[in-house]
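Let's take a walk through a protein model together. Have the picture open beside you and follow along as we go.

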Amino acid sequence: MSLKLKRNIFGDPANKGNLLTRDAAMQLFQEWVLNPKLQVHMLQVAYLMKSWALEKEKLDEKGQWMWEMSGLLHDADWDQWPDLHCIKIIEHLESLQIDPDVMHAIASHGPNHFGVDPINNMDKMLFAFDELSGLIHAYSLMRPNGYDGMDIKGVKKRLKEKSFAANVSREEIQDAANRAGILLDDLITFIITHQADVTTK
Ligand SMILES: [Fe+2]
Ligand SMILES: [Fe+2]
């Protein structure tokens, strides 16, 4: 089964700046994503994206929300329509005339799967956070104190241990950091220090 999108252009440039309201995005998220674990993953990636947009990119509130929304919806169709992963959510957002940058970020969150390369910083950070966030969260769940006292060394040990979160591609994590131009250590630190804050129900 191929998830290749076979296109590189998404949405209409005339819709630049069009985003969903937070309520509409949350409603879509709740309706489409029923699996609680996947919900946690998407909320975590959304929070990392928002935090990065604020702290590193120094974006205004609207810019932060665009990053957060891309993170919040990047796996929206994975739960109920895995064969249409990326296709369904992108077509849906296109029908709602959303900013093309949001669809492009979602389309490039797995270049090896969807055949679309991350281009701008929002694309690159979504790709960089996606798999590593999940691996670090899995690690927090097996530690007695969760994120408390977690350090880079521990995460790197888990990265070397092939049996740990075996479905997470280590090559992809390194490739994503390289493309974003960020040291893996810095990326790990950012995730550890922010991910613990995410409130999940
Ligand atoms: Fe995905
Ligand atoms: Fe994801």
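Helices here are DSSP runs of H or I with at least four residues, and strands are DSSP runs of E with at least two, all numbered from the N terminus. What you are looking at is a predicted model, in which local features need pLDDT of at least 70 and side-chain atom pairs count only at pLDDT 80 or more, while totals for chains, interfaces and linings use all residues. Residues are numbered from 1 along each chain as its sequence is written, and chains are lettered from A and ligands numbered from 1 in the order in which they are written.

Let's begin towards the end of the numbering. Ala196 sits in the segment after H10.

Now for how helices pack. Two packed helices are described by the angle between their axes and the distance between the axes. The axes are lines fitted to C-alpha atoms, for helices over the stretch in contact, and the angles run from 0 to 180 degrees between N-to-C directions. Under 35 degrees counts as roughly parallel, over 145 as roughly antiparallel, 65 to 115 as roughly perpendicular, and the rest as oblique.

Residues are in contact when their C-beta atoms, placed from the backbone, lie within 7 Å. Here Ala25, Leu28 and Phe29 of H1 make the contact with Met69, Leu72 and Leu73 of H3. To sort such residues by class, Ala, Val, Leu, Ile, Met, Phe, Trp, Tyr, Cys and Pro count as nonpolar, Asp, Glu, Lys and Arg as charged, and the others, Gly among them, as polar. On that scheme, the contact of H1 with H3 has six nonpolar residues, no polar and no charged.

Next, look at helix H2 (residues 36–55) and helix H10 (residues 184–195), whose axes come within 10 Å and cross at roughly 110°. H2 and H10 are therefore roughly perpendicular to each other. From H2, Gln44, Tyr47, Leu48 and Ser51 meet Ile191, His194 and Gln195 from H10. This contact divides into three nonpolar, four polar and no charged residues.

With H7 and H9, the axes come within 9 Å and cross at roughly 155°, so H7 and H9 are roughly antiparallel to each other. Their contact has eight nonpolar, no polar and four charged residues. Ala180 gives us a close-up of this pairing. It belongs to helix H9 (residues 170–180), and it is buried because 20 other C-beta atoms lie within 10 Å. Beyond its neighbours within four places in sequence, Ala180 is in contact with Lys124, Met125 and Ala128. The C-alpha atoms of Ala180 and Lys124 are separated by 5.3 Å, although the two residues are 56 apart along the chain.

What about the inside? A nonpolar core is a set of buried Ala, Val, Leu, Ile, Met, Phe, Trp, Tyr and Cys residues joined through C-beta atoms within 7 Å. The largest one has 52 residues, and Met49, Met69, Ile106, Ala128 and Phe129 touch the most other members. H7 gives the most to this core, with 10 residues. Not counting residues up to four places away in sequence, Met49 touches several others, among them Trp67, Met125 and Phe129.

Most residues other than glycine have a negative phi, and most peptide bonds are trans. Lys58, in the loop between H2 and helix H3 (61–73), has a positive phi near 55°. Cys86, in the loop between H3 and helix H4 (87–95), also has a positive phi, about 85°. Is each one buried or exposed? Lys58 is exposed, with 9 other C-beta atoms within 10 Å, whereas Cys86 is buried, with 26.

Terms used
A residue is buried if 20 or more other C-beta atoms lie within 10 Å of its own, exposed if 12 or fewer, and partly exposed in between; C-beta atoms are placed from the backbone. Two residues are in contact if their C-beta atoms, placed from the backbone, lie within 7 Å.
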